[in-house]
2 protein chains.
Amino acid sequence: MADRDTDLNVLAGTEIFRSLPMEIIDEARRLAVRKRLSRREALYHQGDSADSFHIVIVGRLRAIQIAPDGSQVALRYLGPGEMAGYAALAGLATYPGTVSAVEDTHLFSWPTPVIRDLMGKYAQIAINALAVLGSRYQETQTRLRELSTETVERRIAHTLTRLAKQAGRRTAMGIEICFPLSRQDFAELAGTSLHTVSRTLSAWEKDGIVSSSHRYIVIHQPDFLKQIENEAS
Amino acid sequence: MADRDTDLNVLAGTEIFRSLPMEIIDEARRLAVRKRLSRREALYHQGDSADSFHIVIVGRLRAIQIAPDGSQVALRYLGPGEMAGYAALAGLATYPGTVSAVEDTHLFSWPTPVIRDLMGKYAQIAINALAVLGSRYQETQTRLRELSTETVERRIAHTLTRLAKQAGRRTAMGIEICFPLSRQDFAELAGTSLHTVSRTLSAWEKDGIVSSSHRYIVIHQPDFLKQIENEAS
DNA sequence: CGATATTTTGAAAATGTTCAATAGAGGTGG
DNA sequence: CCACCTCTATTGAACATTTTCAAAATATCG
């Protein structure tokens with residue numbers, strides 16, 4: 001279906017292959033394997049040997065980490081152009097989390113040795129990877145701080161603002177989170193219980209700050225969220 | 001005082017320059033600036049422009065992130081051979097945290113353009129950096145999960161185990177955390193209050209699992225900690 | 001030895017969670 | 001097309017964990 005030029009353009013727009021000469025992107029393209037995942041299907045599981053690296057073409061993935069006791073946190077949602085499987089780049093032996101599809105998803109994949117070989121040949125790929133990993137690391141550090149020091153309400157506000165930035169679509173009504181997200185899913189992102197998320201969103205809905213219908217959220221007043229984020233504790 | 005060969009050996013043992021040819025390490029050495037920090041002195045502050053990259057030679061640094069309201073979390077403690085200032089590698093504009101010396105510390109430093117130029121020339125440096133950042137990212141994700149899902153006692157146990165791994169010194173009495181760490185400092189690592197840390201450590205001391213004297217902690221029974229980490233919630 | 005910083009401990013208070021029950025939305029098959 | 005079934009969301013109330021507040025004890029440093 002997709003031809004060579006389409007693939008090249010897609011890859012050229014990704015965080016990892018950005019700013020590279022077309023010949024190199026084409027080399028990467030030739031080494032790539034195309035994959036498809038249906039909704040809920042897993043790309044890999046926590047603890048699996050980290051044997052490949054992926055880029056989302058269309059669709060959305062969800063990375064989670066599961067505790068020995070079964071409880072889980074959402075690490076990140078990944079949309080088009082974003083990479084999955086940083087463990088393969090970083091030379092970790094196993095995947096530190098589980099990644100699965102939130103909706104039907106198309107990916108490009110590379111076996112670990114292939115992508116590591118590309119990085120060795122073209123330092124810019126490694127440098128781009130470093131930039132991606134660095135900004136994800138920073139974001140995770142910030143979440144860690146929020147989880148340590150902020151009230152649940154403020155964390156929920158931060159989580160929503162962050163979601164809007166990563167997966168927000170401007171509409172007439174405001175900013176819509178453009179993939180389905182249940183209260184439970186949201187709670188796993190914000191580090192709280194689904195009940196508290198529900199109560200908080202209900203209260204905000206009453207104030208006209210957000211509205212939500214069955215797994216979809218629209219933010220009407222982003223400024224109010226920002227205000228809640230910075231309120232005195 | 002330290003001569004060229006000593007410096008080379010030091011650099012060859014660091015996480016970033018490991019496994020590189022000596023000529024390249026020597027090139028990095030020639031470009032390095034030597035720095036010293038006294039106890040409590042800051043290397044850089046959160047929000048400063050990320051204009052250099054550092055490696056600890058001797059001593060210990062502490063990376064923290066401060067919230068707008070003044071509360072803070074400890075991101076990491078850095079010992080000999082470890083890098084500080086990943087923002088410089090990742091091309092972030094500003095430092096996401098503040099780093100300062102826990103004890104008198106010697107460092108090597110490189111201006112951001114210099115270290116980035118080295119990475120561009122020698123992909124292996126970027127790949128090593130990716131490995132370091134990857135494992136720190138993974139650790140932070142794990143802390144995030146712990147903070148989200150575990151009780152304070154288990155988090156304190158995890159924090160202590162992690163400290164033992166990163167800065168533990170085997171002694172006749174057990175494993176000693178080899179730098180001074182107050183209850184407050186510990187609390188900022190575990191994401192709790194200094195009071196809860198004090199209570200918990202006191203209880204463990206009664207059971208002979210740990211002992212502590214003014215800012216130093218010794219773990220007598222690491223296995224008991226592991227057990228607490230995995231206890232049913 | 002005095003001054004300052006750190007640690008301990010008790011009791012009160014608060015923030016969220018858990019438990020429980022109901023309501024609503026969507027999808028499926030008769 | 002409607003009835004049913006399941007998954008999702010809402011809401012109240014009891015409960016629990018942990019924080020906050022307060023005060024005293026202990027240790028270190030000059």
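Author: A crossing of two helices is called left-handed if the near helix is turned anticlockwise from the far one by less than a right angle, and right-handed if clockwise. Helix 5 of chain A passes helix 5 of chain B in a left-handed crossing. This is a predicted model, in which local features need pLDDT of at least 70, side-chain atom pairs count only at pLDDT 80 or more, and totals for chains, interfaces and linings use all residues. Residues are numbered from 1 along each chain as its sequence is written, chains are lettered from A and ligands numbered from 1 in the order in which they are written, and side-chain values use heavy atoms, with hydrogens and water left out.

Reader: At what angle do helix 5 of chain A and helix 5 of chain B pack?

Author: Helices (H or I, at least four residues) and strands (E, at least two) are DSSP runs numbered from the N terminus. Axes are lines fitted to C-alpha atoms, for helices over the stretch in contact, and angles run from 0 to 180 degrees between N-to-C directions. In this model the two helices, residues 123-149 in chain B, have axes 9 Å apart and an angle of about 20°. Angles under 35 degrees count as roughly parallel, over 145 as roughly antiparallel, 65 to 115 as roughly perpendicular and the rest as oblique. Helix 5 of chain A and helix 5 of chain B are therefore roughly parallel. Their contact comprises 18 nonpolar, eight polar and four charged residues; Ala, Val, Leu, Ile, Met, Phe, Trp, Tyr, Cys and Pro count as nonpolar, Asp, Glu, Lys and Arg as charged, and the others, Gly among them, as polar.

Reader: How do the axes of helix 5 and helix 6 of chain A cross?

Author: The axes of helix 5 (residues 123-149) and helix 6 (residues 152-167) of chain A come within 10 Å and cross at roughly 160°. That makes helix 5 of chain A roughly antiparallel to helix 6 of chain A. This crossing, too, is left-handed.

Reader: Which residues of helix 5 of chain A meet helix 6 of chain A?

Author: Contact means heavy atoms within 4.5 Å. On helix 5 of chain A the residues are A:Glu139, A:Thr142, A:Arg143, A:Glu146 and A:Leu147, and they meet A:Arg155, A:His158, A:Arg162 and A:Gln166 of helix 6. By class, this contact has one nonpolar, three polar and five charged residues.

Reader: Which residues are closest to DNA strand D?

Author: A residue is near a strand or molecule if one of its heavy atoms lies within 4 Å of it. DNA strand D is surrounded by 17 residues, the closest being A:Arg183, A:Ser198, B:Val152, B:Thr192 and B:Thr196.

Reader: Which polar atoms lie by a phosphate oxygen of DNA strand D?

Author: A polar backbone atom of B:Val152 is 2.8 Å from a phosphate oxygen of DNA strand D.

Reader: Which helix gives the most to the surface near DNA strand C?

Author: Helix 8 of chain B does, with five residues. Of the 17 residues around DNA strand C, the nearest are A:Val152, A:Thr192, A:Thr196, B:Arg183 and B:Ser198. An N or O atom in the side chain of B:Ser198 is 2.6 Å from a phosphate oxygen of DNA strand C.

Key: Polar contact = N/O pair within 3.5 Å; in protein donor to acceptor, adjacent residues only side chain to side chain.
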